Amino acid sequence: MNLRKSTKSKSYKRQSRLTKVGLFMLGFSILGGSIMLFKSSAAIVFVGDPHRATCIQNTPSKTFVKPGSTFTGVVKMQNTGSSTWGPSYGMGLAEYSSAAGNGKVIWNASGTSLTRDYAPGETATFNLTLKAPDTPSTHTFNWGMYITFQGYLHQPCPDVPITIKNAPVSSVVLNNQPSNISVTKGAGLTIGWSASNGATSCVASGNWSGAKSPNGGSENHTGDTSSVGTKSYALKCSNEVGAGATATRTAVVNAPPSTTNPPPGSGTNPPPSSTTPRGRTSNGTPASGGAVDTTPPSAPSNFQAKFSDSVVDLSWDQSTDDFGVSSYELERSTDAIEWQKIGNTITGGSYGDTDVGFQSTYYYRIKALDESGNASPTATTEITTGSFEPNVKAEDGITLTSEDGITQVIIPASALSEQASCDLRQSNTLHPGIEKFVVVSGPYELLCKLESGEKVSVYKEPVMVKVLLNDSQKKQYSQLKFFTLKNDWEEVLDASKDSSFVLGDATDFVIMGKLKTTPLWQKILITLFIAGAIIGGGLVGLTQLYRWRLRRQIEQQNQKAYNNERGY
């Protein structure tokens, strides 16, 4: 009995172990099969005889490219088999890599198709146009002949590595400050620089020059502060894919503060006046009864540049001065060396620079002036404009509406000779000053730019301007007038009757309105009405008060009689 139990127990244990082993083997087979199936989907498949190929040339035009950029390559494949190659057989050139085995492409190439049949022994030349991926990385440039739905032909081309990287980003710091600075004459000045993305060379320009180490460094330029003025330090670095944007910083060297005035009666200087100093008059002469104003305004702060709709919009926090800021002087440069004054009389805290091109770098500097001609320290900024983004084709038209919704500009079809970027924006020009007239809409500028950055000044078809005021809005004005700007503002139309006009060869326009005034008889009638309302309201109020007091007296008398009757 015990022997049978023991044998039966061993038999059960042996079956249990076999079951476990069987389940393990089944799981292993499933796992291994899945792995092999997964691998097979990414495997490179070759087609056998009679199809053969030999790579003769595998040459990209560049081995370092920018992300998303296009380049070319030449691949030559010789038919070393006994079959004929041709487009009708579904044959062509294809990327040869593990990514290609997964059905993915790296280079997005064109020019990979055969244009005719190639007999055994002939060589097919493929002139490729390729686009790099958008992410920096390194990929192989290799190709093989391919038959659709079958696979590659031996032998594919060898690997040629291509590196995708960005151009360097340069940086310049002054006295350890990553911004423009102001220093006093004779103060210390240290320039530091660095570059990223594997820069191979750097060149300085402006108030320093020569080659600089792409690994970064610093230099002492204390000698540059020996004279008052603006010093500019620019750096452009390059690597295998080309030059990056130029980094520029400026140092404004100011005169040291004036020393304390000598005591009264000392030397030849007259004693100081006890009168509060005053500024100059508008013609620059000392104001009556006061000293000359020698204190400059504060520097404009928060000076910024933004690019939008083909225009660089500049803004700044306005300066302060003890006698008031009269205007701002704004300058532009393309190299931070040669400067050009832009704008006429700028009194506000913004300016739109419309004379700029696309994908170009511009430098700006600004200073405040007071009526005595004192200039503030200079503030600087820079910007690289964006790419050309047309919104009007040559054969199409467009309707632009002003920000206030009052004015529309209609550019008809075929008015432009080529595609352009068009915008209706606020003009930098002041509106004409006309007594009793106010601005209804504008001043606006119709700004259309071609890809070259050139402004469109002549249109092949008439451009129309429409006023969208409704009847109730028009009733606010006794007159509406259109003005356009050429050399000066001139009236082109009385808009009280017509709501549209042809802009012509002008690009700036404004709509002015004369506010309606109330006739004298209406003013008298309104005054009498208001006075009558006040007097009438007062009389009604007094009457109501008298009635309330009378009713109160009667109630008190009745209560008193009631109390007497009952002996209270």
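How many bridges join S32 to S35, and do these strands run parallel or antiparallel? Eight bridges join S32 to S35, and the two strands run antiparallel.

1. Basis of the note. The model is predicted: local features need pLDDT of at least 70, side-chain atom pairs count only at pLDDT 80 or more, and totals for chains, interfaces and linings use all residues. Residues are numbered from 1 along each chain as its sequence is written, and side-chain values use heavy atoms, with hydrogens and water left out.

2. Overall composition. Four helices and 35 strands make up the secondary structure of the chain; helices (H or I, at least four residues) and strands (E, at least two) are DSSP runs, numbered from the N terminus. Of the 568 residues, 34% are buried, where buried means under 20% relative accessible area with a 1.4 Å probe, counting protein chains only. For contacts (heavy atoms within 4.5 Å) between residues at least 6 apart in sequence, 65% join residues at least 24 apart. The chain exposes about 33,000 Å², and carbon and sulfur atoms supply 52% of this area, computed by the Shrake-Rupley method with a 1.4 Å probe.

3. Strand S35. Six of the eight residues of S35 are buried, and the strand is thus mostly covered. Two strands count as paired if DSSP finds at least two bridges between them. Val-439 has Met-512 of S35 as its bridge partner, while Leu-485 stands opposite Asp-508 in S35.

4. Nonpolar cores. A nonpolar core is a set of buried Ala, Val, Leu, Ile, Met, Phe, Trp, Tyr and Cys residues joined through side-chain atoms within 4.5 Å. The largest has 29 residues, and Val-409, Ile-411, Cys-422, Leu-446 and Tyr-459 have the most contacts inside it. Strands that each supply at least two residues of this core include S30 (437-449), S32 (477-485) and S35 (508-515). S30 gives the largest share, four residues. Leaving aside neighbours within four places in sequence, Tyr-459 is in contact with Ala-415, Leu-416, Leu-446 and Cys-448. A second, separate core has 28 residues, among them Ala-53, Val-75, Met-77 and Phe-141.

5. Surface patch. Ile-535, Leu-539, Leu-542, Leu-545 and Trp-548 form a nonpolar surface patch with about 560 Å² of accessible area together. Patch residues have over 30% relative accessible area and no salt bridge, with like charges joined within 9 Å and nonpolar side chains (Val, Leu, Ile, Met, Phe, Trp, Tyr) within 5 Å; a salt bridge is a side-chain nitrogen of Lys or Arg within 4 Å of a carboxyl oxygen of Asp or Glu. Trp-548 lies in helix H4, residues 520-565.

Conventions. Buried means under 20% relative accessible area, exposed over 50%, partly exposed in between (1.4 Å probe, protein chains only).
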